[in-house]
Amino acid sequence: MGYVADTQKIGDKGGCFIGGMKSLVRRKQVDSANSASSRASSSNQLAKALTIPHLITIGVGSTIGAGVYILVGTVAREHSGPALTISFLIAGIAAALSAFCYAELASRCPSAGSAYHYSYICVGEGVAWLIGWALVLEYTIGGSAVARGISPNLAMLFGDPDSLPVFLARHTIPGLNLTVDPCASILVFVVTGLLCVGIKESTMVQGFVTSVNVCVMFFVIIAGGYLGFKSGWPGYELPVGYFPYGVDGMLAGASTVFFAFIGFDSVASTAEEVKNPQRDLPMGIGFALSICCSLYMLVSAVIVGLVPYFAMDPDTPISSAFARHGINWAAYIITIGACTSLCSTLMGSILPQPRILMAMARDGLLPSFFSDVNKRTQVPVKGTVATGLLSGTLAFFMNVEQLSGMVSVGTLLAFTMVAISVLILRYVPPDEVPLPSSFQEAIDSVSLRRSGCSSSSSDIDVESTKIPAVTADDSTPLLAEISVGRPLVEKAAAKLSYLVRQRRKVAGWTIMFTCIGVCIVTSAASIVSLSNPARYALSGFGGLLLLSGLIVLTCIDQDDARHNFGHTGGFTCPFVPLLPIACILINVYLLINLGGATWARVSIWLVIGACIYALYGRTHSSLRSAVYVPATHVDEIYETSAHSLAC
């Protein structure tokens, strides 16, 4: 009947090796009404408290950081010039590709864990572990780096960098060349305590802080627009034109400012706490990204119009632009905006990590300590405290600015895997799902029932035997029954049946070769040490794989089982397969261009994670003794189990 026990039971060395390799690709069950109700009976439930305004607050607060107050000057001077606004638009469109993929998966699989959760369902346990481990690194380093940036901005409000009280100011420890930052550590602990109070309460505070930041940006737009009209927009009246560095410079600027859009994925990490995830999650992600893109474009359009791009201050572009027009006091307002944006981003960095840890602990890949949910506040307090202690300690002792590139690796890996998961969902959704061994009695009952039906049908006279219809998901007929004794029709039906059965294999291999083509194309475009003939050859080969994969996936039908995948009625990603493949291409290109030093540091972290998985996660996984059954039989098994319990 296709019920397959977990391969961990194999005892010989060769079998153990095969079982260990198969553990990397075992996939967990997608969220459904049955699995959700089963989990609802447990005590580890998060509070269903978030609505669209809360999600927009989390998305905008996590995305708009203080970097925009600096990024405008740096990118305009070095890459885009007055075309900075178009760079932000292109980067926003690129981020929207990932947002579309997140929106579909978040509404179909509304559970804590975000990209880790989606990868576990669609790709496998090994990839899911690496994505979850990379996200832990992202949020830890990201939170610490943000916290270290708050104290200098706070000091500027009081006049100079040395104006903070002694217990908050930075100090250098003699002999160790170590600069400690008590202010950063205290802020991390305050945010951690706030997140432990409750998701709704912490979101309300984040909403207030984010509102202040947005008001500062509106001040920049309105006041700067007035100054621009008054002065005649000197930044646009240049002999070099709107594209001083050409289209290539504008695109290079888009690659740089793309990272200003990172943060909207925090919305997906709160999916389990949303009241109506099928409606609210896609809208929350979409509105948050649209607001951020609009604010970025308006601020950049104003600032590059006030000051010629080559005269911008790369460190304080907005404050210096107002100062050139005689409004020096605006620097205080800009600094308030930078402080509030950093505080909001700090909350957005610490919020998702306990939920990632909780999802991994629920699956047995981490100790159950992280999966405990406080009964009163309904948040993972233990995981939040552990996250806060780690981030606060790093923020106190370490200058993590040189590690900030590692944050981007985790985000881009997650974006890439989410896009791949959408392709898998559409073309090769899992046809077998794991159930706990506690369902063995119900599984045996269903197996016996179906075996009985099968054996009874075998008593039919051979002359009236029919060739069974071939189905895409074991339930939807694709061919009419054809009587034996009509050789030509039977032969054509058998051939077509074979082709239909092979469609999933063709789609799976096509997705894999498409990803390989993306890696080859982006590598050839990024490695400058390659000779031109080698670069052209690799680009041609990779481009052929990529284009062929796109054509094949466009021509073949998507799997009918996708309609029953997870929760239905939510958002559906448009332009599949073009949109996910474009998303993969952009993210892999940015990943390769992060630099060798960043990848060397990340590789060390991933190797540590692989060791932890091999020593603990693989052997403690909740799927180690699971029984795999056809996806089309799951509902019947759940009903049989519920009936037996009722009796």
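This is a predicted model: local features need pLDDT of at least 70, side-chain atom pairs count only at pLDDT 80 or more; totals for chains, interfaces and linings use all residues.
Helix α9 (residues 182-197) packs against helix α15 (residues 330-350) at an angle of about 60°, and their axes lie 10 Å apart. The arrangement of α9 relative to α15 is therefore oblique. The crossing of α9 over α15 is right-handed. On the α9 side, the contact involves Leu187, Val188, Val191, Thr192, Leu194 and Leu195, which meet Leu346, Met347 and Ile350 of α15. Of the residues in this contact, eight are nonpolar, one is polar and none is charged.

The largest nonpolar core contains 146 residues, and Tyr69, Tyr102, Tyr296, Ile303 and Phe322 have the most contacts inside it. Helix α18 (residues 405-427) supplies the largest share of this core, with 15 residues. A second, separate core has 11 residues, among them Leu435, Val446, Val629 and Ile637.

Valine 576 and proline 577 are joined by a cis peptide bond, with omega about 15°. Proline 577 is located in the loop between α21 (532-555) and α22 (578-592). Tryptophan 233, although not a glycine, has a positive phi of about 50°. This residue is in the loop between α10 (199-231) and α11 (246-257). Tryptophan 233 has a relative accessible area of 18%, so it counts as buried, for which the limit is under 20%. Glutamine 378 is not a glycine either, and its phi is positive at about 55°. Glutamine 378 sits in the loop between α16 (352-362) and α17 (381-397), and it is partly exposed, with a relative accessible area of 32%.

Notes:
Residues are numbered from 1 along each chain as its sequence is written. Side-chain values use heavy atoms; hydrogens and water are left out. Axes are lines fitted to C-alpha atoms, for helices over the stretch in contact, and angles run from 0 to 180 degrees between N-to-C directions. Helices (H or I, at least four residues) and strands (E, at least two) are DSSP runs, numbered from the N terminus. Angles under 35 degrees count as roughly parallel, over 145 as roughly antiparallel, 65 to 115 as roughly perpendicular and the rest as oblique. A crossing is left-handed if the near helix is turned anticlockwise from the far one by less than a right angle, and right-handed if clockwise. Contact means heavy atoms within 4.5 Å. Ala, Val, Leu, Ile, Met, Phe, Trp, Tyr, Cys and Pro count as nonpolar, Asp, Glu, Lys and Arg as charged, and the others, Gly among them, as polar. A nonpolar core is a set of buried Ala, Val, Leu, Ile, Met, Phe, Trp, Tyr and Cys residues joined through side-chain atoms within 4.5 Å. Buried means under 20% relative accessible area, exposed over 50%, partly exposed in between (1.4 Å probe, protein chains only).
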